Amino acid sequence: MNTVLVVRSLISGIMMGSVYALLGVGFSLTWGVMKVINISHATFGLLGAFIAYTLLHAWSLDPILSLALSAPLLFFLACLIYRFIIVPITKAKEVIVASMIVTFGIAIILENVMLLIWSPDPRLLTTSYTSKVLILGPLYFQYPRLAGFLMSLAGVLVIHFFLKKTYMGKAVRAAWQQPDAAQLYGVNLQRISMITFGLAISSAGAGGVAMAFLYAFEPHTHNLWLIYLFLVVIVGGVGNVLGTALAGLIIGVITGLSFAFLPYQWVNLLTFGLLMVILVFRPQGLFQSEV
Amino acid sequence: MLSVNDVIVLYQKLRALQGVSLEVGEGDLVALIGSNGAGKTTLINTISGLIPAGGGAIMWQGTPIGGLSPDQICREGIIQVPEGRKLFSQMTVEENLEMGAYLPVARSQAEESRQMVFEIFPRLAERRCQTARTLSGGEQQMVAVARAIMARPKLLMLDEPSLGLSPIAAAEIFKTIEELNNRGITVLLVSQEVLQTLTIAKYGYVLENGKVTFSGPAKELLDDPRVKESYLGL
């Protein structure tokens, strides 16, 4: 086997995987902490990508800098959605099922809004560094992929740090582990859930931009991303940020390697075959489910 | 300090509390005893705001607190150590204590409270970096009480703090509760350990089927033939 080819596809897999990770952590958090499976998570990621695209073309704003604008916007939007759409369904008997149906509706609405604004044409985030390549000996690093990778790494670390080190982040974990006790010690569950949801959607926006560095996108692309979200979160363990991040990397590496050595049509068969095996033998995910 | 007047709680159509009244004076250690299903936990949770009252009033330092959310009740200084401890089991001892001092007022005194906690429970200082679920039952109960101390309680309500503990660990917890009361914290203690509870309490209430059947100074209750027969097995 060709060592250089293996290393190259490993690197490309890690870069891809890191992006799945950033897109996945928020999905994992809302699922774990709030018992909300947010089908529209990737759709908001796509919205982040489209906002980056528009700002790039209107003001030649770098996609990474566009997050300074889109992240607060998505956070605010998420708070509104939480308050007026998610809160009423938390009173349902089966919150998870109700949340999937409602957020599926949100995804459809958002998808059509994006179709209206941006048309169904596929887009690419073409920046000044799109075609630049960093060459280290036999290895190539495309700048956009590198940007997506670094962004994802930073994003996952920020979320991890928030949960482990800040008071509010600890309250999020406490509310997930023992909602009643958290309330008894002064945690306002609704407020904490709203912040969790806002943070998740903002990170989805960042994940969407990172995805857009790698692949072309159009208003339906979120359906494909969603499948990867489920894959990453189920492998990593619901609610587990680092687990989700690791699962993203693992899946990235597996797809990277199989792209290099298997016929194209086998790649998804392999990854989702693997998902089924994991669901059968470790339905709680590879890593312990903990925030 | 706390007065519960004729409180009714309904679970669907079942009357879990059928008009319970109870008084806790400042600095008191009041015991609430009764068998399983008598409504003790329901009453505590209603005071904490976890369960809405279907009637009656709960007054705290002269103002009604019925209808407030649990985090608002916590803000008032009414702190509960829940039944079964309900620790943040995947967090460390240190983090559990931090969560106890989550609200700004408690947080500003966190350092002092932490010193007090480690003085009362030296063993927790050794275990501070351990995950809560890896502790023994007695240690977990210590963390639960310690977490409540971090919240700077004016009224500390403990629900079955000795449940599932060895007799030695249980005795230690009761000693700690007495000590906390001596330090000026008002205590409402719910327990089925009638003898130990009434021994340290000043006043006691007996709850049966959602009603207070008798109440009085703890010493008198201990001598009461009905208490002796039903709860002490004498």
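Visitor: Which residue in S5(B) is the bridge partner of Met59(B)?

Guide: Happy to start there: this is a predicted model, in which local features need pLDDT of at least 70, side-chain atom pairs count only at pLDDT 80 or more, and totals for chains, interfaces and linings use all residues. Residues are numbered from 1 along each chain as its sequence is written, while chains are lettered from A and ligands numbered from 1 in the order in which they are written. Strand S4 (residues 55–60) of chain B runs antiparallel to S5(B), with two bridges joining them; helices (H or I, at least four residues) and strands (E, at least two) are DSSP runs, numbered from the N terminus. In S5(B), Met59(B) has as its bridge partner Pro64(B).

Visitor: Where in S4(B) is the bridge partner of Val4(B)?

Guide: Strand S1 (residues 2–11) of chain B is antiparallel to S4(B), and five bridges join them. Among the residues of S4(B), the bridge partner of Val4(B) is Ile58(B).

Visitor: Which are the edge strands of the open sheet of four strands in chain B?

Guide: Strands pair here if DSSP finds at least two bridges between them. The open sheet has antiparallel pairing and the order S2-S1-S4-S5 in chain B. Pairing on one side only marks out the edge strands, which are strand S2 (14–24) and strand S5 (63–64) of chain B.

Visitor: In the hairpin of S4(B) and S5(B), which residue in the turn has a positive phi?

Guide: These two strands of chain B form the hairpin with two residues between them. A positive phi of about 50° belongs to Gln61(B).

Visitor: What radius of gyration does chain B have?

Guide: The C-alpha trace of chain B spans about 45 × 40 × 30 Å along its principal axes. The radius of gyration is taken over C-alpha atoms, and the globule rule is 2.2 Å times the number of residues to the power 0.38. A compact globule of 234 residues would come out near 17 Å, which agrees with the value for chain B, 17 Å.

Visitor: Which element gives the most to the side of domain 1 of chain B that touches domain 2 of chain B?

Guide: An automatic or database assignment sets the domain bounds, dividing chain B into domain 1 (1–77 + 154–234) and domain 2 (85–152). Taken over C-alpha atoms, their centres are 23 Å apart, and the contact (C-beta atoms, placed from the backbone, within 7 Å) takes 12 residues from domain 1 of chain B and nine from domain 2 of chain B. On the domain 1 side, H2 and helix H8 (167–182) of chain B each give two or more residues. With four residues, the element that gives the most is H8(B).

Visitor: How do the residues of the side of chain B that touches chain A divide into nonpolar, polar and charged?

Guide: In all, 21 residues of chain B are in contact with 16 residues of chain A. Helix H2 (70–75) and helix H3 (93–100) of chain B are the elements that give two or more residues to that side. Ala, Val, Leu, Ile, Met, Phe, Trp, Tyr, Cys and Pro count as nonpolar, Asp, Glu, Lys and Arg as charged, and the others, Gly among them, as polar. The division is 10 nonpolar, five polar and six charged.

Visitor: Does Trp118(A) count as buried, exposed or partly exposed, and why?

Guide: Trp118(A) is placed in helix H4 (residues 95–118) of chain A, and beyond its neighbours within four places in sequence it is in contact with Phe50(A) and Pro219(A). A residue is buried if 20 or more other C-beta atoms, placed from the backbone, lie within 10 Å of its own, exposed if 12 or fewer, and partly exposed in between. Because Trp118(A) has 18 C-beta neighbours inside 10 Å, it counts as partly exposed.

Visitor: What percentage of the residues of chain A count as buried?

Guide: Chain A has 11 helices and two strands. In H5(A), the buried residues include Phe149(A), Met151(A) and Ile159(A), and what covers the buried residues of this helix includes helix H1 (3–34) and helix H8 (189–214) of chain A. Of the 291 residues of chain A, the buried part is 48%.

Definitions and conventions: Contact = placed C-beta atoms within 7 Å.
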